[in-house]
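Dear colleague,

Please find below the structure that I am handing over to you, together with its sequence. My notes on what was found in it follow.

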Amino acid sequence: MTARLLRSVAMAGAALLAGCGEWPAALTPMGEGGDRIARLFWLFTIVCAVVWLLVVLALAIAIARHRVDRADPLAEEPRRDRAARRVVGACLAATGVILIVLTGFSWWTGKGLAALGERPALTLRVTASQWWWQVQYEDDQPNRVLTTANEIHIPVGEPVQIKLEANDVIHSFWVPRLSGKEDLIPGRQNVITIKADAPGRYRGQCAEFCGLQHAKMALLVVAEPRPAFDAWREAQLAPAAEPQEAEARRGRDVFLSKPCVMCHQIRGTPSGGRVAPELTHIGSRETLAAGTLPLTRGSLAAWIADPQAIKPGSNMPRVDLDADELNALVAYLESLK
């Protein structure tokens, strides 16, 4: 009964919040973890609201019934004092019971979240850096280990375990509709499990202030049916395709002859950088620079031409390119589907 009531309240709250923005928040969950957290939130909200109303009501009654003996304001009234002590004692006892009950529900929610990680269908390693996410799909076969950036694909209805690490400062992994928050701490590995109940695109965000561009450190979780996920993974495991257009071939030459190769990797080419996002299939992603821009030809050109104008303080340096080199490089990157 309690679970049904909380779910009904959560659905009502979700309906009220549906128009609040393009990216619904934690109160419109679409996964088991997010649903457990939302129900706990509504339980705390309802209990706290009821307690507040009772306190205000008691205060109003006390004010309305207050009497002052003008002859002796300090005169004792044993009968009223005993009644007041009983009321205060009952309120203290009720406060203790409420705290114990809420603590129990919190423990129960945490236990449910932990149980999700006992049966993962997929294991990822996510490493946070200022200000982007490296995503590695683990596999028992080394040749099937997949590395990508800023975008996570998962199969619908299956728990996915994510090992969290950080390269520089403390970050926090948060996909509001699918899970709670978990910190990424240098020198330590934390673990979180997410599961999406329906196909869709779910926005994630770094939830721990990590520097100048903290607000521009987003990621996208794409949940899709298992056949679509398997097809995506197989396509991502393939090396970069040979450019078909002359301009794209010139762009590959530009990429390999410029400092790009020192930081980025494109599998199937001599580039082998490991300190910046992997670009083998960048053209298939939906966003650029950790969710800062939509991935379009214009955005690519703007980002390459002057990354500091878009994301000041990022480690992406400005590379001097003439107009023809820039257009060719953009054509090449865009072709990497």
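Two residues are taken to be in contact when heavy atoms lie within 4.5 Å. On that basis, of the contacts in the chain with a separation of 6 or more, 63% are made by residues 24 or more positions apart.

The model is a predicted one, in which local features need pLDDT of at least 70 and side-chain atom pairs count only at pLDDT 80 or more, while totals for chains, interfaces and linings use all residues. Residues are numbered from 1 along each chain as its sequence is written, and side-chain values use heavy atoms, with hydrogens and water left out.

The chain holds 9 helices and 12 strands; these are DSSP runs numbered from the N terminus, helices being H or I with at least four residues and strands E with at least two. Of its 337 residues, 39% count as buried. Here, buried means under 20% relative accessible area, exposed means over 50%, and partly exposed lies in between (1.4 Å probe, protein chains only).

Helices α2 and α3

Helix α2 (residues 32–65) packs with helix α3 (residues 78–116) at an angle of about 170 degrees, and their axes are 9 Å apart. α2 is therefore roughly antiparallel to α3. Angles over 145 degrees count as roughly antiparallel, under 35 as roughly parallel, 65 to 115 as roughly perpendicular and the rest as oblique. The axes are lines fitted to C-alpha atoms, for helices over the stretch in contact, and angles run from 0 to 180 degrees between N-to-C directions. Among the contact residues are I37, L40, L43 and F44 of α2 and I98, L102, F105 and W108 of α3. By class, this contact has 12 nonpolar, 4 polar and 5 charged residues. Ala, Val, Leu, Ile, Met, Phe, Trp, Tyr, Cys and Pro count as nonpolar, Asp, Glu, Lys and Arg as charged, and the others, Gly among them, as polar.

Helix α9 and its neighbours

Helix α9 (residues 323–335) has 13 residues and spans 18 Å from its first C-alpha to its last, close to the 18 Å expected at 1.5 Å a residue; the expected span is 1.5 Å times one less than the number of residues. At the start of α9, a side-chain oxygen of D322 comes within 3.1 Å of the backbone nitrogen of D324. A323, in α9, counts as exposed because its relative accessibility is 54%. By contrast, L326, A328, L329, V330, A331, Y332 and L333 are buried, and the buried residues of α9 pack against α5 (246–257) and α7 (297–305).

α5 and α9 meet at an angle of about 100 degrees, with axes 7 Å apart, and are therefore roughly perpendicular to each other. Their contact comprises 7 nonpolar, 3 polar and 4 charged residues. R252 belongs to α5 and is buried, at a relative accessible area of 18%. Not counting residues up to four places away in sequence, R252 touches E242, P243 and Y332.

The loop residue H264

H264 sits in the loop between α6 (260–263) and β11 (287–288). H264 counts as buried because its relative accessibility is 11%. A polar atom of the H264 side chain lies 2.8 Å from the backbone oxygen of P277. Leaving aside residues up to four places away in sequence, H264 touches F255, S271, G272, G273, A276, P277, L279 and M316.

With kind regards

Technical notes
Polar contact = N/O pair within 3.5 Å; in protein donor to acceptor, adjacent residues only side chain to side chain.
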